[in-house]
Amino acid sequence: MKKTIFQDILEKETSLALGCTEPMLFALGGAIARKYVPGEIKKVEMEGCGLIVMGVQKVGVPNTGGKTGAFIATACGLIAGDPDAGKQALHSVTPADVKAAEELIKKADFSLEMDNSTGRQVYTKMTVSSDENTVTLIFEDKHDKCVYIEADGKVIKDERTPLAEQVNPYKDIDWNTFTIEGIWDFCQNCDISFIAKMKEAIAANKRLTEDGLNNPRGIQVARTLRDNIKNGQLADSEFTQAVIWGTAGVDARMGGSDYPAMMSMCSGNQGTIITMTAWGAAQYLGLSEEKTMRAVAFGYLINVFLKYNTKELAYMGPMCYCASTASQAAMAGVAFLHNMSAKQINDLLVTGVTCWSGIICDGAKNSCAFRVSTALFGGLQALMLAEKGLRTDGSDGFAHESAAITMQNLYRMQKDVMYNKMDAVVWDIFKEQREIR
């Protein structure tokens with residue numbers, strides 16, 4: 001039986017990743033490079049677009065005890081990374097490997113620069129050299145997509161594409177089918193086997209989230225909210241549980257958790273936000289596993305719907321997509337649990353996206369969890385407004401009656417006003433305030 005567009009998208013835009021995707025990229029690059037540079041490594045030269053080089057600076061690298069930076073991620077990849085494991089390249093790293101990686105960083109010459117000249121949202125170039133061998137790798141468009149390998153002057157692989165030929169699903173999607181109404185109808189009525197992957201998403205992201213709740217990961221946003229329920233400063237409710245569970249996985253992941261996340265749109269943070277926000281609300285309400293899976297699938301598909309409507313497949317941009325879109329998609333999942341209509345969900349998305357769109361992305365880090373918790377609380381307000389028929393009007397700023405066109409307006413503002421400019425400023429601040437790592 002032919003898969004529906006909804007099944008195809010769920011399959012394509014969900015996958016497991018160990019650690020934040022930026023350090024994962026550097027680790028995978030190191031692991032691949034090691035195959036071509038077997039001797040003692042002397043130099044590691046790296047450059048990448050703003051998203052990549054800023055995103056790797058302060059986020060915890062899995063299996064390193066919370067260490068951060070491109071240098072340690074790449075060195076761990078060179079020492080013990082699995083080049084065939086893709087987004088889970090760091091799965092086999094041990095404490096002894098981390099010590100060896102730290103020694104490598106001391107002995108070899110590591111460098112990292114920002115290069116936004118390619119125009120690609122994901123771009124990284126890495127050159128690893130020893131006395132006898134040199135290999136150059138290039139990653140484009142996706143964090144695990146190595147498109148170019150040149151070893152000792154010989155091109156081993158070249159799958160680079162012109163910028164104009166980047167994958168652009170907006171052009172290929174049937175937008176008469178892939179609508180909020182269509183997503184709502186599919187998630188309400190499909191055979192549960194069609195969304196079986198959501199069970200895997202819940203299991204994986206629950207382990208990650210429990211790590212954030214049980215251990216002092218990051219700045220402990222979710223644990224602090226939970227503790228304030230215990231001491232009476234915060235009321236326990238469906239909504240507070242949704243925010244706590246929706247945030248704890250980000251605490252864990254940004255703090256360097258050793259558990260993988262099921263991603264949404266190339267982001268483990270977004271996957272865990274969407275999955276566990278709906279799960280937390282459903283658990284409080286005592287809803288069935290099937291109802292929860294349907295709500296999670298709805299949130300995942302709404303997140304894709306919003307991102308695809310940038311018309312350029314903006315996995316990330318100068319603004320924080322965890323707050324401005326993924327947290328709102330997560331609230332759409334909660335709204336689905338409340339049996340809200342497609343029209344009401346469209347309205348809550350417009351309100352949420354327009355109100356949280358001003359949060360910039362200045363790299364993955366511990367405080368991402370605080371941004372997410374704040375955006376989730378705001379999304380809950382948008383949900384409550386939508387239940388009453390209230391919303392941001394279509395004449396307010398860049399808002400439109402349609403969530404799809406609102407996203408298109410938002411992305412125009414990002415690309416035409418902020419792209420490259422904000423990254424350059426933030427990178428300069430990074431260099432002024434800390435050593436690039």
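The tour below covers aromatic rings, cysteines and one asparagine.

This is a predicted model, in which local features need pLDDT of at least 70 and side-chain atom pairs count only at pLDDT 80 or more, while totals for chains, interfaces and linings use all residues. Residues are numbered from 1 along each chain as its sequence is written, and side-chain values use heavy atoms, with hydrogens and water left out.

**Aromatic rings**

Searching the whole structure turns up 12 aromatic pairs. Rings of Phe, Tyr and Trp (its six-membered ring) pair if their centres lie within 6.5 Å; planes under 30 degrees apart count as stacked, over 60 as edge-to-face and the rest as tilted. Two of the pairs are set out here.

| Pair | Distance between centres | Angle between planes | Class |
|---|---|---|---|
| Tyr170 and Trp175 | 5.1 Å | 40° | tilted |
| Phe178 and Tyr308 | 6.4 Å | 55° | tilted |

Phe178 lies in the loop between β7 (154–158) and α6 (180–189), and Tyr308 in helix α11 (residues 289–308), so their pairing ties together parts that are 130 residues apart in sequence. Helices (H or I, at least four residues) and strands (E, at least two) are DSSP runs, numbered from the N terminus.

How accessible are these rings? Buried means under 20% relative accessible area, exposed over 50%, and partly exposed in between (1.4 Å probe, protein chains only). Phe178 is buried at 0%, and Tyr308 is buried at 0% as well. Tyr170 is partly exposed at 24%, and Trp175 is partly exposed at 22%.

**Cysteines**

How many disulfides does a search of the whole structure find? The count is zero, where a disulfide is a pair of cysteine sulfur atoms within 2.5 Å. Cys20 has its closest cysteine sulfur in Cys368, 7.7 Å away, which is too far for a bond. For Cys49, the nearest cysteine sulfur is that of Cys361, at 11 Å. Cys20 is buried, with a relative accessible area of 5%, and Cys49 is buried at 2%.

**An asparagine in a helix**

Asn205 lies in helix α7 (residues 197–214) and is buried, with a relative accessible area of 0%. Beyond its neighbours within four places in sequence, Asn205 is in contact (heavy atoms within 4.5 Å) with residues including Ala261, Gly271, Thr275 and Tyr300.
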